Amino acid sequence: NMTAGRAGAVPKTLLPNTLAKRPPKQRQALFVPHLTQDNDMINIYIDIETVPNQSPEYRAKVREGIKPPAQFKKQDSIDAWMAENAESATDEVIAKTSFDPAYGHIACIGWAVGADHTRSFSIDNIDEEASVLDGFFNVIKEDCGVHMVRWIGHYISGFDLRFLLNR
């Protein structure tokens, strides 16, 4: 017997029988947060939107660090590359800061506590970010009191909460 669909078929006897050794997959019960909320836990549904760093000083610092590829040795080639590509290379670096809480900014926070209506705070300029964050955490503190909180959202542990806490 040979396995089908692979380049260079391998006899089935040489393949590890890992599927047979695995225990059956455990199925978890469907969890519907807004229906299972109890008095000890409050669900907070959250999403944030971020923007890249807006500081002219940071942009200038990034621009200073832009270098042409190492293949350019002649000064004329280096100067030509810099004239043609330095700004777009700077834009690329700056754009990535929207994913980094050390450099990016939170532009909008949207949330709902339990089954309540959704609310949001957003900024018109970067100088308002700190007051929006303070306002958000104060509202959450007022709404949730001393209850335990369950944060719910898409990839919140890897992005939203990390970004919020770092900012």
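**Close-up views of a predicted model**

**Figure 1. Packing of helix α3 against helix α4.** Helix α3 (residues 56-65) packs with helix α4 (residues 75-96) at an angle of about 125 degrees, and their axes are 9 Å apart. The structure shown here and in the other views is a predicted model. Angles over 145 degrees would count as roughly antiparallel and those of 65 to 115 as roughly perpendicular, and α3 and α4 are therefore oblique to each other. Their crossing is right-handed. On the α3 side the contact is made by Y58, R59, V62 and R63, and on the α4 side by M82, A86, E87, T90, D91, V93 and I94. By class, the residues in this contact are six nonpolar, one polar and four charged.

**Figure 2. The protein chain as a whole, for orientation.** The protein chain has six helices and four strands. Along the sequence these elements follow the pattern α-α-β-α-α-β-β-α-β-α. Of the 167 residues in the protein chain, 30% are buried. Among contacts between residues at least 6 apart in sequence, 66% join residues at least 24 apart.

**Figure 3. N43 and its polar contact.** N43 is part of strand β1, which covers residues 41-51. The relative accessible area of N43 is 0%, so this residue is buried. A polar contact of 2.6 Å joins the side chain of N43 to the side chain of R150.

**Figure 4. I44 and the residues around it.** I44 also has its place in strand β1. With a relative accessible area of 0%, I44 is buried. R150 is 106 residues away from I44 along the chain, yet the C-alpha atoms of the two are separated by 6.1 Å. Leaving aside neighbours within four places in sequence, I44 is in contact with W111, A112 and V113, with I140 and C144, and with V149, R150, W151 and I152.

**Figure 5. T97, between helix α4 and strand β2.** The loop between α4 and β2 holds T97. T97 counts as buried because its relative accessibility is 4%, under the 20% cut-off. P52 is 45 residues from T97 in sequence, and the two are 4.9 Å apart in space, C-alpha to C-alpha. Apart from neighbours within four places in sequence, the residues in contact with T97 are P52, N53, Y58, Y103 and G104. One of these, N53, has its backbone nitrogen reached by the side chain of T97 at 2.8 Å. Another, Y58, is also among the α3 residues that make the contact with α4.

Figure 6. E128 lies in the loop between β3 (119-122) and α5, whereas E129 is found in helix α5, which covers residues 129-144. E128 counts as partly exposed, because its relative accessibility is 26%. E129 has a relative accessibility of 6% and so counts as buried. Setting aside neighbours within four places in sequence, E128 is in contact with S122 and I123. With neighbours set aside in the same way, E129 is in contact with G104, H105, I106, I123 and R167. E128 and A107 are 21 residues apart in sequence, with 9.2 Å between their C-alpha atoms.

Figure 7. Y155 is in the loop between β4 and α6. Y155 counts as exposed, because its relative accessibility is 55% and the cut-off is over 50%. Most residues other than glycine have a negative phi. Phi of Y155 is near 55 degrees, a positive value in a residue other than glycine.

**Figure 8. The buried residues of helix α6.** Helix α6 covers residues 156-166, and its buried residues are I156, G158, F159, D160, L161, F163 and L164. An α-helix has 3.6 residues a turn, so residues three or four places apart point the same way. Strand β1 is where N43 and I44 are placed, and helix α5 is where E129 is found.

Note on methods:
Residues numbered from 1 in each chain as written. Predicted model: local features only at pLDDT ≥ 70, side-chain atom pairs only at ≥ 80, totals over all residues. Heavy atoms only, no water. Helix = DSSP H or I, 4+ residues; strand = E, 2+ residues; numbered from the N terminus. Buried < 20%, exposed > 50% of the residue type's maximum accessible area, 1.4 Å probe, protein only. Polar contact = N/O pair within 3.5 Å; in protein donor to acceptor, adjacent residues only side chain to side chain. Axes fitted to C-alpha atoms, helices over the stretch in contact; angles between N-to-C directions. Parallel < 35°, antiparallel > 145°, perpendicular 65-115°, else oblique. Left-handed = near helix turned anticlockwise from the far one by under 90°. Contact = heavy atoms within 4.5 Å. Nonpolar A, V, L, I, M, F, W, Y, C, P; charged D, E, K, R; others polar.
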